[in-house]
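Student: Could you go through this one with me? I'd like to know what stands behind each label.

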Amino acid sequence: KVLPEAEVYLIPRANLEDKGFAALGEKDGTFEILEVKSGEYVVVIKSDDEKAGIPKAYTDPKTSPLNVKVKKGDREDEVVDADQLPDTPGNEADGK
């Protein structure tokens, strides 16, 4: 399911209280988070649109089952493994 203009956060798994890295999704559901350091993150998704249907668990880093590993790439850090992310447009492994 595409979530237009949702807020997407990558919270370091080692410190769930950290603000992490954030991006505001585009109208087509794509998003880009720049300058993410290598590591393991919990993905948190939030939206002001109550009709978006985001499961409550996804809105809190302590309960979100969504995980992503960021590994140093050739040009810059890039997501290489997006386990448990829903297989929907806008959630491909490259974060776009």
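Tutor: Let's take the labels one at a time, starting with where the values come from.

Tutor: This is a predicted model, so local features need pLDDT of at least 70 and side-chain atom pairs count only at pLDDT 80 or more, while totals for chains, interfaces and linings use all residues. Residues are numbered from 1 along each chain as its sequence is written, and side-chain values use heavy atoms, with hydrogens and water left out.

Student: What makes a stretch a strand, and how many strands are there in the chain?

Tutor: Strands are DSSP runs of E with at least two residues, helices are runs of H or I with at least four, and both are numbered from the N terminus. By that rule the chain has 0 helices and 5 strands, in the order β-β-β-β-β from the N terminus on.

Student: What is the pLDDT of the chain on average?

Tutor: The average is 78, and 74% of the residues score at least 70. The pLDDT is the predictor's confidence in each residue, from 0 to 100. Confidence is highest in β1, at a mean of 94, and lowest in β5 (residues 77-81), at 42. Residues 74-85 have a pLDDT below 50, although this stretch has 29 contacts in the model beyond near neighbours in sequence. Residues 87-96 are also below 50, with 19 such contacts. Contact here means heavy atoms within 4.5 Å. Where pLDDT is low, the predicted coordinates should not be read in detail.

Student: Why is N67 called buried?

Tutor: Buried means under 20% relative accessible area, exposed means over 50%, and partly exposed is in between (1.4 Å probe, protein chains only). N67 has 14% relative accessibility, so N67 counts as buried. This residue lies in strand β4 (residues 67-72), and the side chain of N67 reaches the backbone oxygen of P65 at 3.0 Å.

Student: And S64, buried or exposed?

Tutor: S64 has a relative accessible area of 9%, so S64 is buried. You'll find S64 in the loop between β3 and β4. Leaving out residues up to four places away in sequence, S64 touches V42, V43, A57 and Y58. The side chain of S64 also reaches the backbone nitrogen of L66 at 3.2 Å.

Student: What makes the pair D28 and T30 a polar contact?

Tutor: A polar contact is a pair of N or O atoms within 3.5 Å; within protein, one must be able to donate a hydrogen and the other to accept it, and residues adjacent in sequence count only if both atoms are side-chain atoms. The side chains of D28 and T30 make such a contact at 2.7 Å. D28 is in the loop between β2 (21-24) and β3 (39-46), and at 49% relative accessibility D28 counts as partly exposed.

Student: Where is D49 found?

Tutor: D49 is in the loop between β3 and β4. A polar atom of the D49 side chain lies 2.9 Å from the backbone nitrogen of K51. At 44% relative accessibility, D49 counts as partly exposed.

Student: How do you know that K62 and E17 form a salt bridge?

Tutor: A salt bridge is a side-chain nitrogen of Lys or Arg within 4 Å of a carboxyl oxygen of Asp or Glu. For K62 and E17 the closest N and O atoms are 3.0 Å apart, and the pair forms a salt bridge. K62 lies in the loop between β3 and β4 and E17 in the loop between β1 and β2, so the pair ties together parts that are 45 residues apart in sequence. K62 counts as exposed at 56% relative accessibility, and E17 is exposed at 60%. The structure holds 1 salt bridge.

Student: Which residues touch the most other members in the largest nonpolar core?

Tutor: They are L10, I33, V36, Y41, V43 and I45, out of 16 residues in this core. β1 (7-12), β3 and β4 are the elements that give two or more residues to this core, and the largest share, 3 residues, comes from β3. A nonpolar core is a set of buried Ala, Val, Leu, Ile, Met, Phe, Trp, Tyr and Cys residues joined through side-chain atoms within 4.5 Å.
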